[in-house]
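This briefing goes through one chain by topic. Please have the sequence and the coordinates open while reading.

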Amino acid sequence: MRGHCYQRSLHQNCENQSSFLKKNACFPLAFGVPAILMLISIVFFVSGKNLYKINKPVSNTITTSIGCIFYALKKKIMASSNEVKRKDWLEYADNKYNPHEIFELRSALDVIYFLIPIPLLYTLFDLQGSRWILQGTLMNGKIDFLNFTIKPDQVHFMNTLFVLVFIPFFNGVVYPILYKIGVNTPLKKVTLGGLFTVSSFVCAAIVQYIINGQTLILLSNESQLRIYNNFNCGVTIFDSMVGNFSNEPL
């Protein structure tokens, strides 16, 4: 097995400190702003504790719900053929649980199937702090008509900013429009939001597919070295094997 030793010298006519170590870089903003906003929200939440009306729970909702389900199933299985059939299987527990508890449990079971994709949703949503940032490093992030470049780690800051801006915007503009076209219940709103969420994941998948299509396929006896210039100016790289070449900043 042969190995080659390289001697490279990197010359730059700019500052010695790279941009990601400076205080005006994006990382403190991207991760600091959400942390500060979370701290402020906790302070507001705790400071208003005396204004809250806290009712002590009469019973454990989870225990009551599980008990009602098992009791209703037991009564339904053991019910005789002469017994009057109930419209809903939970009604078999009406001799032990009050109608309000049965109604609330029935309402929860009617929508629980809708919550099954929630773990998968947040699994994909959390990719914005990991995989989507790595995906962003493979793109130039340039918006030509705005003459602006989006850095990959700005996703966190933009997400927090969108939350603060979209809450009043949706309440004042979007929801009234949706109400006029028939999207007037919370379930319909969640469904529509889920469709938009799926479309965003599809867009991310398409972008990654395009990136993979532009990736150089290497043979088994080849290797590749990528050099990213994170300085604020161009650099010149001198190499004894491949010659001299310039590397422009990202």
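Is Thr 64 buried or exposed? Thr 64 is buried, at a relative accessible area of 18%, where buried means under 20%, exposed over 50% and partly exposed in between (1.4 Å probe, protein chains only). The model is a predicted one, in which local features need pLDDT of at least 70 and side-chain atom pairs count only at pLDDT 80 or more, while totals for chains, interfaces and linings use all residues. Residues are numbered from 1 along each chain as its sequence is written, and side-chain values use heavy atoms, with hydrogens and water left out.

**Overall make-up**

- The chain contains 7 helices and 5 strands; helices (H or I, at least four residues) and strands (E, at least two) are DSSP runs, numbered from the N terminus.
- Along the sequence, the order of these elements is β-α-α-α-α-α-β-β-α-α-β-β.
- The chain has 250 residues, of which 14% count as buried.
- Among contacts in the chain with a separation of 6 or more, 50% are between residues 24 or more positions apart; a contact means heavy atoms within 4.5 Å.

**Helix H2**

- H2 is made of 18 residues and spans 26 Å from its first C-alpha to its last, close to the 26 Å expected at 1.5 Å a residue. The expected span is 1.5 Å times one less than the number of residues.
- Thr 64, Cys 68 and Ala 72 are buried in H2. They lie on the same side of H2, because the arc they cover around the axis is only 60°; the arc is that of the directions from the helix axis to the C-beta atoms.
- An α-helix has 3.6 residues a turn, so residues three or four places apart point the same way.
- The buried residues of H2 pack against H3.
- On the face of H2 turned away from the buried side are exposed residues, including Phe 70, Lys 74 and Met 78.
- Thr 64 is in contact with Ser 59, Tyr 97 and Glu 101, leaving aside neighbours within four places in sequence.
- At the start of H2, a side-chain oxygen of Asn 60 comes to within 3.0 Å of the backbone nitrogen of Ile 62.
- Leu 73 also belongs to helix H2 and is partly exposed, with a relative accessible area of 37%. Leu 73 and Ala 93 are 20 residues apart in sequence, and their C-alpha atoms are 8.4 Å apart in space.

**Salt bridges**

- How many salt bridges does a search of the whole structure find? The search finds 2 salt bridges, each defined as a side-chain nitrogen of Lys or Arg within 4 Å of a carboxyl oxygen of Asp or Glu.
- Side chains of opposite charge can pair when their charged atoms come close.
- Asp 88 and Arg 106 form a salt bridge, with 3.0 Å between the closest N and O atoms. This pair links distant parts of the chain, 18 residues apart: Asp 88 is in the loop between helix H2 (61–78) and helix H3 (99–112), and Arg 106 is in helix H3.
- Asp 110 and Arg 106 form a salt bridge through their side chains, at 3.2 Å from N to O. Both residues lie in helix H3, 4 residues apart, about one turn of the helix.
- Arg 106 is partly exposed at a relative accessible area of 23%, and Asp 110 is partly exposed at 39%.

**Helix H5**

- Gln 135 sits in helix H5 (residues 131–137) and is buried, with a relative accessible area of 11%.
- Not counting residues up to four places away in sequence, Gln 135 touches Ala 204, Val 207, Gln 208 and Ile 211.

**Strands and loops**

- Strand S4 (residues 235–239) pairs with strand S5 (residues 243–247) in the antiparallel sense over 5 bridges; two strands pair if DSSP finds at least two bridges between them.
- Val 235 has Asn 247 in S5 as its bridge partner, and a hairpin of 3 residues joins S4 to S5.
- Asn 147 lies in the loop between strand S2 (142–143) and strand S3 (148–149).
- Asn 147 has a positive phi of about 55° although it is not a glycine, and Asn 147 is exposed, with a relative accessible area of 73%.

Note on methods:
Polar contact = N/O pair within 3.5 Å; in protein donor to acceptor, adjacent residues only side chain to side chain.
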